[in-house]
Amino acid sequence: MSTATAFPSNPAPWAEVVPGMGPVTVDLLLELPDDGNIYEVVEGVLVRVAGSGFNATTIAIELASELRNYTRPRRLGRVTGADGVYKFPGAETGLLPDVGFIGVDKVALIADRSKLLPFAPDLAVEVASPSQGPDDMAAKARAYLAGGTCLVWVIWPTSGHIDVWHPDHMAGPALTLNISETLDGEDVIPGFTYSVAGLFADPLG
């Protein structure tokens with residue numbers, strides 16, 4: 001008998017609960033077959049996340065490349081892509097940011113690099129898909145911050161703005177950047193800046 005009804009509500013409004021699954025562990029994410037879907041575990045519930053369209057995935061790759069080019073020569077930490085699983089301490093929750101970053105001190109704590117990252121990212125970047133609304137992405141940003149993430153960027157490709165979230169400002173984004181403003185790595189990636197206009201620009205014209 002399906003145990004999906006054991007969960008009265010979806011703990012991850014940015015995704016959909018996978019039916020017919022009882023409580024699971026985050027480790028399951030490394031064992032699932034590659035069926036073309038993206039999965040996360042939130043409070044022991046397996047959820048399916050919407051895939052990315054062309055704009056979203058190219059924006060994520062562009063930002064990941066800029067972050068890597070800045071942090072690698074400075075030995076500040078490591079940048080991860082959309083399949084990197086971060087398991088939050090003290091909770092059966094594992095999220096996969098479109099782009100993640102962990103500082104060098106956390107990198108040194110990873111005993112087995114073939115397994116999950118055993119903590120939340122220092123920076124989490126999410127590029128919203130058309131099916132994800134402001135309330136959905138606010139819930140995901142708060143999940144990151146509650147898990148220990150210091151800085152969250154939620155990118156909205158359709159409207160061309162970016163919400164910046166901080167742990168001390170859980171009610172809503174600490175600020176929203178428009179096309180004329182600049183992303184700032186703050187204390188998480190000191191010195192890193194990147195123009196919002198540049199992120200959304202089409203290099204092919």
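Let me start with strand β2, residues 38-42: 4 of its 5 residues are buried, so the strand is largely enclosed by the rest of the structure. Buried here means under 20% relative accessible area, with a 1.4 Å probe and protein chains only. Strands are DSSP runs of E, at least two residues, and helices are runs of H or I, at least four, numbered from the N terminus.

This is a predicted model, where local features need pLDDT of at least 70, side-chain atom pairs count only at pLDDT 80 or more, and totals for chains, interfaces and linings use all residues. Residues are numbered from 1 along each chain as its sequence is written, and side-chain values use heavy atoms, without hydrogens and water.

Back to β2. It runs antiparallel to β3, and 5 bridges join the two; pairing requires at least two DSSP bridges. Val42 stands opposite Val45 in β3. The hairpin has 2 residues between the strands, and Glu43 takes a positive phi near 55° there.

Next, the cores. A nonpolar core is a set of buried Ala, Val, Leu, Ile, Met, Phe, Trp, Tyr and Cys residues joined through side-chain atoms within 4.5 Å. The largest has 27 residues, and Trp14, Ile102, Val152, Val154 and Trp165 have the most contacts inside it. β3 (45-49), α3 (134-147) and β9 (151-156) each give two or more residues to this core, and α3 gives the most, with 5. A second, separate core has 26 residues, including Phe101 and Trp153.

Finally, what divides up the lining of the largest cavity? Its residues are 6 nonpolar, 3 polar and 4 charged. β2 and β8 (123-127) each supply at least two lining residues.

Notes: Buried means under 20% relative accessible area, exposed over 50%, partly exposed in between (1.4 Å probe, protein chains only). Ala, Val, Leu, Ile, Met, Phe, Trp, Tyr, Cys and Pro count as nonpolar, Asp, Glu, Lys and Arg as charged, and the others, Gly among them, as polar.
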